[in-house]
Amino acid sequence: MKQFSVGIIGATGMVGQRFATLLEHHPWFTVTALAASARSAGKTYREAAGPRWAMKTPMPASMEDMVLLDATADIGKIKELVDFVFCAVDMPKDQIRALEEAYAREEIPVISNNSAHRSTPDVPMIVPEINADHAAVIDAQRARLGTKRGFIAVKSNCSLQSYVPALHPLKDVYGLKNVLACTYQAISGAGKTFESFPEILDNVIPFIGGEEEKSEQEPLKMWGRVQGDRIVNATGPSITTQCLRVPVSDGHMAAVFASFEKKPEIEDIKKIWASFSGPAQELELPSAPKQFLHYFEEDNRPQAKLDRELERGMAVSIGRLRPDHQYDIKFVCLSHNTLRGAAGGAVLMAELLAVKGYLA
Ligand code: NAP
């Protein structure tokens, strides 16, 4: 595989730090530019991000002395340094939309963690095991933007990265009709640590702005299909969610209820989960888990602490699958929100797009 020079836009933030640690030893991608707001520009990565470093591993030594660029003012400089960028910034949505389009129009592909472009019909939102074929819409997006290389691809919201993968291999086999999911989401999903979010201690906050809408609508885009110059969303299943913030550092859990056209047998579902794989596994992408969905028989699984790191935080853990008297089945699942759910999922998507030739 060709080697790629990459930039991290929003490098000082929670997701940006994850990108830095994940890319430190990546076999295809080398970080050659770091950028953040004007507040950080001109400082070394150590000076700007060191005091708020939230990762368990130290800041990559190769990046400590890199001088941060201004994500908006320095696009021209960044263009000289990179083949594409990962982007995770905390800005108003209209500003993120404009920023990401500015990079794409400068012929810098953008692999984004931000939500601003998730509902743009020609911007693919790819989980490689689920909808790798959505990459095909990039040609239409390039035509709209008037670019040859530049485009935007987004990663979906972190809340749904456990229950959508778990439901995906059952969807067509049994005819998935209705889904109810309650999510229990870690504080790193809000870019916080226990130090910066003391009000979460001994508390559950039953509101995360915009999260329920994203959790209900984004799966329909992922389960949609490319038609002409856009992705047409699926019309079902009907999904309803409640999203709660819980005092856990990392890992979003979901309690899921689902009903189908054809009632599945519990043991058959476990077999389907155990054998499920997609293009990420078939192409042996460097960040892909060997097995995507892991089912645990123990009554107390999946626990956040043990299973969120499973397969480098890129797999989904599922437990407590059982019949339900209102829905057909219920189960609990867990995925790592800043790994599979954010930076890791974006790196995996970039690997897929690299193999498919979109980053050439
Ligand atoms: P964060 O920790 O608050 O970091 C925000 C980053 O944005 C920092 O690097 C910050 O730079 C930069 N930034 C802020 N204003 C900027 C501006 N005007 N121009 C350029 N850069 C600016 O946030 P986060 O949790 O990493 O989240 C970043 C994005 O990823 C958000 O859109 C979020 O919704 C999304 N996301 C987060 C997660 C998660 O699990 N945390 C999951 C999925 C998606 P300075 O340090 O210079 O201020």
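Author: A residue is called buried when its relative accessible area is under 20%. This model is predicted.

Reader: What makes Cys182 count as buried?

Author: Its relative accessibility is 17%. The cut-off is under 20%. Therefore Cys182 counts as buried.

Reader: How do you know that Cys182 is in no disulfide?

Author: A disulfide needs two cysteine sulfur atoms within 2.5 Å. For Cys182, the nearest cysteine sulfur belongs to Cys243 and is 8.4 Å away. Cys182 is thus in no disulfide. The structure as a whole holds zero disulfides.

Reader: What about Cys333: which cysteine sulfur is nearest?

Author: That of Cys182, 11 Å away. The limit is 2.5 Å, and Cys333 is in no disulfide. Cys333 has 0% relative accessibility, so Cys333 counts as buried.

Reader: Why is Glu107 called partly exposed?

Author: Glu107 has 23% relative accessibility, so Glu107 counts as partly exposed. Its place is the loop between α5 (93-105) and β5 (110-112). Phi of Glu107 is near 70 degrees, a positive value in a residue other than glycine.

Reader: What makes Arg320 partly exposed?

Author: A relative accessible area of 37%. That value falls between 20% and 50%, so the term is partly exposed. Arg320 sits in strand β13. Arg320 is not a glycine, yet has a positive phi of about 50 degrees.

Reader: Which residues of helix α10 are buried?

Author: Ile266, Ile269, Lys270 and Trp273. They cover an arc of only 100 degrees around the axis, which puts them on the same side of α10.

Reader: Why do residues three or four places apart point the same way?

Author: Because an α-helix has 3.6 residues a turn.

Reader: Which residues are exposed on the other side of α10?

Author: Lys271 and Ser275. Exposed means over 50% relative accessible area.

Reader: What covers the buried residues of α10?

Author: The cover includes α8 (163-174), β12 (293-296), β13 (316-323) and β14 (329-335).

Key:
Residues numbered from 1 in each chain as written. Predicted model: local features only at pLDDT ≥ 70, side-chain atom pairs only at ≥ 80, totals over all residues. Heavy atoms only, no water. Buried < 20%, exposed > 50% of the residue type's maximum accessible area, 1.4 Å probe, protein only. Helix = DSSP H or I, 4+ residues; strand = E, 2+ residues; numbered from the N terminus. Arc of directions from axis to C-beta. Contact = heavy atoms within 4.5 Å.
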